[in-house]
Amino acid sequence: MSYVDDVLAKVIENNPSEPEFHQAVTEVLETIRPLIEENEELYKKEAILERLTVPERMIKFRVPWVDDKGQVQVNTGIRVQFNSAIGPYKGGLRFHPSVNQSIIKFLGFEQIFKNSLTGLPIGGGKGGADFDPKGKSDREVMAFCQSFMTELYKHIGADRDVPAGDIGVGAREIGYMFGQYKRLTGNYEGVLTGKGLSYGGSLARTEATGYGVIYLSAELFQSHGMELAGKTVCVSGSGNVAIYAIEKAQELGAKVVTCSDSNGWVYDPEGIDVAALKEIKEVQRARLTEYKKYRPNSEYHEGRGVWQIKCDLACPCATQNEVFIEDAKQLVANGCTALVEGANMPTTLDATKYLQENGVFFVPGKASNAGGVAVSALEMSQNSERLSWTFEDVDERLQTIMVNIYHNMDDAAKRYGKEGDYVAGANLAGFEKVLNAMLAQGVC
């Protein structure tokens, strides 16, 4: 049995009932196989893959809090500090009922390579809790966030582990957690990113992930002799990533015709009205059923269905495993040119393979949605310097980072005989930097 196969078997055996983690590790290890086989004996002796797939640290803790009725509630919090070979742990916090150990580990593992691809000195981590902020009052959210940080603060710091937001964790939640961290430690430091502008946040952070998806998409099209302008785009989701991917795509001349939420989806043949979408989702916090009030010619459909619409570019920006093999077949049948992931691992393995085998350019989220963590790292830099950069300055740096990510993964794919395989290219390019740092630092 090869070293890669041996480690894959161990990961599955040692982490039972963690399908998302198995999926993430399988994808990475299979694609970095050519690099490992170049010096298999050394990497096996140094246990590189074992050290890569076992977190450096995982903290799991109880989060008790009191709701508005005076009832004590209890949730579970998790923080996975996966790999610090190239910098302090960096990765978001997710508050959602689906959060479990498997999902946090898969996200933390992916974050290692995503952070490496940015070219910035940040390692991989992730965290969250099975708490649902939806339907909770501000006081209840504050109570939960303060209790969550009362345990988490012991394990994080500006040069140790710098969490950010993710699903269910926006400016409100970051603010409450930052306030509690400051209260507990007496330190005013850049321990969280995604902060408000009045207390150390960065301009362009809100837009960063969505903008980054489109900057990389535009470079992909241009590198293949095409322009994004004039193309039709399908986007899933209606959260932060989706909204700003839609906004930037339309700024660059594309037409985005879909978006979705957990209840249903919208098709607007005239192009999604971003102002209406922001009003519904960011101000009213309502469902997409409201969209038709703003655009009477649009269509609202219950359930899933975004990927049946004919498009040149598909950008899944909602959540993991939302593009299935049936969706991939529909995209291919409709002549889709590229699928660029905006969410973390939104495409199943069989759907990914089908798209690649049928000539669709496929870019994994660890490359294409790295804009968010890239600007988070730029926020860390601003905090360290006690400076605040302009929106234009941050946006320009973001665009440069995303263009470089595309060319680095494209180059890595070509060097290892996998031209056009951007999944392999992203994993190989991300792993090379981490591998070199791990070897240089000895057994740790």
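**Entry 1. Leu-288**

I began with the contacts of Leu-288. Leaving aside neighbours within four places in sequence, I found Leu-288 in contact (heavy atoms within 4.5 Å) with Ser-238, Cys-259, Ser-260, Asp-261, Gly-264, Val-266, Leu-277, Lys-281 and Tyr-300. I noted that the model is a predicted one, in which local features need pLDDT of at least 70 and side-chain atom pairs count only at pLDDT 80 or more, while totals for chains, interfaces and linings use all residues. I also noted that residues are numbered from 1 along each chain as its sequence is written, and that side-chain values use heavy atoms, with hydrogens and water left out.

I placed Leu-288 in the loop between H11 and H12. Helices (H or I, at least four residues) and strands (E, at least two) are DSSP runs, numbered from the N terminus. Is Leu-288 buried or exposed? With a relative accessibility of 0%, Leu-288 counts as buried. The term buried means under 20% relative accessible area, exposed means over 50%, and partly exposed lies in between, with a 1.4 Å probe and protein chains only. I read a C-alpha to C-alpha distance of 8.7 Å between Leu-288 and Cys-259, which are 29 residues apart in sequence.

**Entry 2. Ser-238**

I turned to Ser-238, one of the residues that Leu-288 contacts. Ser-238 sits in the loop between strand S6 (232-236) and H10. Its relative accessibility is 9%, so Ser-238 counts as buried. Setting aside neighbours within four places in sequence, I listed its contacts as Ile-243, Ser-260, Asp-261, Leu-277, Lys-281 and Leu-288. I also looked up Lys-278, which is 40 residues from Ser-238 along the chain; the C-alpha atoms of the two are separated by 8.7 Å.

**Entry 3. Helix H11**

I located Glu-379 in helix H16 (residues 371-385). Glu-379 has a relative accessibility of 0% and therefore counts as buried. Not counting residues up to four places away in sequence, Glu-379 touches Leu-192, Thr-193, Gly-194, Lys-195, Gly-200, Gly-201, Ser-202 and Arg-205.

I then located Met-402 in helix H17 (residues 391-415). Met-402 is buried, its relative accessible area being 0%. With residues up to four places away in sequence left out, Met-402 touches Gly-212, Tyr-215, Leu-216, Ala-367, Ser-368, Ala-370 and Gly-371. Asn-369 is 33 residues from Met-402 in sequence, and I read 9.0 Å between their C-alpha atoms.

**Entry 4. Positive phi values**

Phi of Ala-204 is near 75°, a positive value in a residue other than glycine. Ala-204 is in the loop between helix H8 (171-185) and helix H9 (205-223), and counts as buried at 6% relative accessibility.

Met-345 is not a glycine either, yet has a positive phi of about 50°. I found Met-345 in the loop between strand S11 (338-340) and helix H14 (349-357). Met-345 is buried, with a relative accessible area of 5%.

**Entry 5. The whole chain**

The protein chain has 18 helices and 12 strands. Its C-alpha atoms fill a box of roughly 60 × 60 × 45 Å, taken along the principal axes.

Among contacts between residues at least 6 apart in sequence, 72% join residues at least 24 apart.
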